[in-house]
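The sequence and structure come first.

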Amino acid sequence: MWVHRVYDRNIGPFPSKNRSSCSCKGYALNAQNVPVDELEDLQRRRSEEYRQYQLRSKNIPSLILAQPNSPLQYPIQGFVVAPLAKSVIPGLALHAQKRRLYKVSLSVKKGVLSVEDVLDGDQVEGQGQSNLTISSSSRTHLNDLLSRVTYTSTIYHVKTKDLVNFSFEDYEAIFPVVIKRSSVPVLYDPGTGKTTRLVTITTKTFLRYDELNVLINSIRQFYPKIKIIIADDSLEPQNVTGFNLEHYIMPPAQGWFAGRNLAISQVTTKYILWVDDDYIFNNNTRIESFVEIMEKVPELDVVGGAVGRNQFFFRLQYEEGDEEEGGCLRRLHGRRIQSVPGFDGCFFVDGVVNYFLARTDSVRRVGFDPFLKRVAHTEFFLDGLGDLLIATCKGLSVGHQKKRKQSKYRRFRFPGRTDGRNKLAHHYFKNYLKCIKY
């Protein structure tokens with residue numbers, strides 16, 4: 001017996017966003033592959049993993065509303081400190097009318113506050129604590145003390161935040177402190193700037209050596225020296241050799257995304273150009289044009305072209321949905337987001353065809369899910385949604401070889417119903433989805 005839906009209302013607490021349920025006309029991902037005696041435990045694990053994901057992903061700034069006409073001056077954003085290190089809070093000041101006594105208070109949750117170089121007679125309470133009060137009959141003196149207020153985080157984390165409450169009489173302000181370890185840059189030496197020093201061509205092959213050799217020969221016709229990396233999980237591997245070519249043999253039939261991970265892991269250049277093993281380079285295959293776009297728009301992570309006349313691209317429409325049910329995802333074919341400034345024929349999208357130039361470190365950051373062995377494409381862009389900046393551009397194309405009869409290949413390439421159900425069940429848990437429409 002198979003059950004389609006069950007909810008466990010005893011799991012949490014979730015960081016609530018008051019979200020409502022979503023729906024889409026597509027595949028319902030509701031644990032339909034799970035036996036009754038396993039479903040409750042799976043639902044519990046899924047909810048707990050999602051709760052932990054939310055806690056790890058709480059980098060979105062909190063909503064903070066500023067009071068009108070406040071006499072308090074403070075940093076709105078941009079105050080970044082190293083963990084456990086003391087830093088002066090910039091810009092603190094009070095701009096109030098004359099009073100007999102000026103008194104301000106500050107409080108934090110993940111650190112302590114102090115005033116540097118306090119002298120006898122300075123009215124400062126709470127030095128080195130999470131609550132600090134400063135008083136003075138002189139506004140000038142008070143602002144001098146405020147200019148020396150420091151914050152020190154007391155909880156170690158590589159990337160988190162704290163909120164400072166800053167108050168005077170009935171006025172209150174709240175501003176964020178970003179607590180972050182500095183990151184070490186990871187750079188790629190472009191050398192002389194030639195395409196061959198910037199780009200590695202990567203592909204994954206399975207049982208299609210005739211097509212692969214056609215691809216390699218066409219690459220060498222236009223780019224004799226560029227590096228080529230091949231991941232191969234064929235049942236009976238054949239030897240593939242050539243100048244500046246690396247051929248990596250995998251265990252048989254490990255799958256499409258596992259091979260992509262292997263190929264990408266061996267790249268040492270700034271960019272990778274992904275191609276399928278049955279493509280063919282032609283006069284319209286201009287890697288230099290890809291590189292020019294990426295170099296001029298450093299924020300871009302992926303630029304896609306066209307295979308023949310097929311400039312396949314799409315948008316992903318995602319709703320988080322209810323915390324217990326999960327979200328809804330729709331793939332909208334041929335939908336653009338916006339033009340890329342300065343580049344006619346280039347548009348921001350969420351996914352492109354299997355012919356794209358990408359920053360090596362960006363692709364590694366997202367990775368390819370090795371669970372997906374046979375049919376997978378959108379899933380990479382789904383996992384990179386909100387992280388990868390992607391564009392598709394006209395005039396960047398590669399050819400596609402004529403299809404050969406490959407009965408053994410087709411048996412592996414096109415999965416049965418069981419593979420399809422397993423894939424949907426995988427989305428249900430991994431991506432916390434309620435439904436998906438391709």
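## Disulfide between C22 and C328

The torsion about the S-S bond of C22 and C328 is about 90°, so this disulfide is right-handed. C22 is in the segment before β1 (27–28) and C328 is in strand β20 (residues 326–333), so the bond ties together parts of the chain 306 residues apart in sequence. The model is a predicted one. In it, the two sulfur atoms of C22 and C328 are 2.1 Å apart.

## Disulfide between C346 and C393

The count of disulfides in the model is two. Besides the bond between C22 and C328, there is one that joins C346 to C393, with an S to S distance of 2.1 Å. Its S-S torsion is about 120°, so the C346 and C393 disulfide is right-handed. C346 belongs to strand β22 (residues 346–349) and C393 to strand β25 (residues 390–400), and the pair links distant parts of the chain, 47 residues apart.

C346 is buried, at a relative accessible area of 4%. C393 has 1% relative accessibility and also counts as buried.

## Q311 beside C393

Q311 is located in the loop between β18 (302–307) and β19 (313–322). A polar atom of its side chain lies 3.4 Å from the backbone oxygen of C393. The side chain of Q311 also makes a polar contact, at 2.8 Å, with the side chain of T392.

Setting aside neighbours within four places in sequence, the contacts of Q311 are G305, A306, T392, C393 and K394. The cysteine among them, C393, is the one bonded to C346.

## Aromatic pairs

The model contains 14 aromatic pairs. One of them is the pair of Y50 and Y432, which is stacked, with 3.8 Å between centres and 5° between the planes. Y50 is in helix α1 (residues 36–56), and Y432 is in the loop between α10 (417–430) and β26 (433–437), so this pair ties together parts 382 residues apart in sequence. Y50 and Y432 are both buried.

F368 and F380 have ring centres 4.5 Å apart and planes at 20°, so they too form a stacked pair. F368 lies in the loop between α7 (360–366) and α8 (378–383), while F380 lies in helix α8, so the parts tied together here are 12 residues apart in sequence. F368 counts as buried at 4% relative accessibility, and F380 counts as buried at 0%.

## Aromatic cluster and charges over rings

F368 and F380 are also members of a cluster linked by ring pairs, whose other members are W256, F257, W274, F312, F314, F356 and F381.

The charged end of R260 sits over the ring of W274, 4.6 Å from the ring centre. R331 lies over the face of F314, at 5.6 Å from the centre of that ring.

## Strand β24 and its partners

Strand β24 (residues 356–359) points F356 and A358 one way and L357 and R359 the other way; all of these residues are buried. Strand β16 (residues 271–274) pairs with β24 in the antiparallel sense over four bridges. Within this pairing, F356 in β24 is the bridge partner of W274.

## Surroundings of T202

T202 is part of strand β13 (residues 199–205). Its relative accessible area is 0%, and T202 is therefore buried, since the cut-off is under 20%. Not counting residues up to four places away in sequence, T202 touches I229, A263, I264, V267, I272, L273, W274 and V275. W274, listed here, is the residue whose ring lies under the charged end of R260.

K227 is 25 residues from T202 in sequence, and the C-alpha to C-alpha distance between T202 and K227 is 8.6 Å.

Key:
Residues numbered from 1 in each chain as written. Predicted model: local features only at pLDDT ≥ 70, side-chain atom pairs only at ≥ 80, totals over all residues. Heavy atoms only, no water. Disulfide = S-S within 2.5 Å. Helix = DSSP H or I, 4+ residues; strand = E, 2+ residues; numbered from the N terminus. Buried < 20%, exposed > 50% of the residue type's maximum accessible area, 1.4 Å probe, protein only. Contact = heavy atoms within 4.5 Å. Phe/Tyr/Trp six-rings, centres within 6.5 Å; stacked < 30°, edge-to-face > 60°. Lys NZ or Arg CZ within 6 Å of the ring centre and 35° of its normal. Polar contact = N/O pair within 3.5 Å; in protein donor to acceptor, adjacent residues only side chain to side chain. Pairing = 2+ DSSP bridges.
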